[in-house]
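Subject: Structure handover

Hello,

Here is the structure I said I would pass on.

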Amino acid sequence: IALEIHKFNRDADDVNDRINEKAVLLSSTDVGTNLDAVQSLQRKQEDIARDMTALQNQLEKLEVLSDKLSNNYPEHKEKIQEKTKVLLDNWEELENLCDKRKVKLEDSYQLQKFLSDVNELLTWSKEMLAGMQASELASTSQEAEQQMEIHHERKAEIDGRHNNLQAVAEHGHRLINNNHYAKDDVAARVHKLADTDQMLTD
């Protein structure tokens, strides 16, 4: 076999190995169980996508070389084209894996962002409700004034958080409407938010 063909085969095998390495990474089922974990996985995904750009450049050069060698060595044309087809098929599969992984991680990010926002709001509302329930009846006019002041402060804080609570609930509804894989869990949290909002404004 001509030296050119030998080098082509070696380079094609090298690119194929790298495609397979990326495919293993992109086949991971780990989508993160909290916001930090998901964001870390998304950064790794971006690194893989950058590596794939370099890999695609090599693949395009091999395609051009494949055509050239097929013309120069017609007796080896079938094997050269077969090797090139395997490479291109594997590359197409890798691109599909990359796209699917990106979507899965974005879905996971949206879920974890929603859950994080809900947990923050529920923690705040629990403390607010506990403070409201702990209030005792005033026995002097001074105490009554202080309690009225505290009441106004709490009301202002609740009003200030209301838009935030509505925005998080709307985020949840969008996930449900988009048929998110965790839509049942999201629906339960949205319901909990609505109950909490009701308790705070009663």
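This is a predicted model: local features need pLDDT of at least 70, side-chain atom pairs count only at pLDDT 80 or more; totals for chains, interfaces and linings use all residues.

Residues are numbered from 1 along each chain as its sequence is written, and side-chain values use heavy atoms, with hydrogens and water left out.

The whole chain

The protein chain has five helices and zero strands. Read from the N terminus, the order of elements is α-α-α-α-α. Helices (H or I, at least four residues) and strands (E, at least two) are DSSP runs, numbered from the N terminus. The radius of gyration is 29 Å, well over the 17 Å that the globule rule gives for 202 residues, so the protein chain is more spread out than a compact globule. That radius is taken over C-alpha atoms, and the globule rule is 2.2 Å times the number of residues to the power 0.38. The C-alpha trace spans about 105 × 25 × 20 Å along its principal axes.

Of the 202 residues in the protein chain, 30% are buried. Buried means under 20% relative accessible area, exposed means over 50%, and partly exposed is in between (1.4 Å probe, protein chains only). Among contacts in the protein chain with a separation of 6 or more, 83% come from residues 24 or more positions apart. Contact means heavy atoms within 4.5 Å.

Helix 1 and helix 2

Helix 1 covers residues 3-26 and helix 2 covers residues 35-72; they pack at an angle of about 155°, with their axes 10 Å apart. Axes are lines fitted to C-alpha atoms, for helices over the stretch in contact, and angles run from 0 to 180 degrees between N-to-C directions. Helix 1 and helix 2 are therefore roughly antiparallel to each other. On this scale, angles under 35 degrees count as roughly parallel, over 145 as roughly antiparallel, 65 to 115 as roughly perpendicular and the rest as oblique.

Helix 1 passes helix 2 in a left-handed crossing. A crossing is left-handed if the near helix is turned anticlockwise from the far one by less than a right angle, and right-handed if clockwise.

The residues of helix 1 that meet helix 2 include I5, F8, V15 and L26, and their partners in helix 2 include I48, L55, L62 and L69. By class, this contact has 14 nonpolar, three polar and six charged residues. Ala, Val, Leu, Ile, Met, Phe, Trp, Tyr, Cys and Pro count as nonpolar, Asp, Glu, Lys and Arg as charged, and the others, Gly among them, as polar.

S66 is found in helix 2 and is buried, with a relative accessible area of 2%. Not counting residues up to four places away in sequence, S66 touches F8, I80 and T84.

Helix 4 and helix 5

The axes of helix 4 (residues 141-177) and helix 5 (residues 183-201) come within 9 Å and cross at roughly 160°. Helix 4 and helix 5 are therefore roughly antiparallel to each other. Helix 4 passes helix 5 in a left-handed crossing. Among the residues that meet here are I158, H162 and G172 in helix 4, and K183, V190 and L200 in helix 5. This contact divides into eleven nonpolar, four polar and two charged residues.

L165 lies in helix 4 and counts as buried at 5% relative accessibility. Leaving aside neighbours within four places in sequence, L165 is in contact with L121, L193 and D197. The C-alpha atoms of L165 and E145, 20 residues apart along the chain, are separated by 30 Å.

N179 lies in the loop between helix 4 and helix 5. N179 has a positive phi of about 60° although it is not a glycine, and it counts as exposed at 51% relative accessibility.

D107 is in helix 3 (residues 77-134) and is partly exposed at 31% relative accessibility. Not counting residues up to four places away in sequence, D107 touches H180 and Y181.

H76 is in the loop between helix 2 and helix 3 and counts as partly exposed at 22% relative accessibility. H76 and A2 are 74 residues apart along the chain, and their C-alpha atoms are separated by 9.8 Å.

Regards
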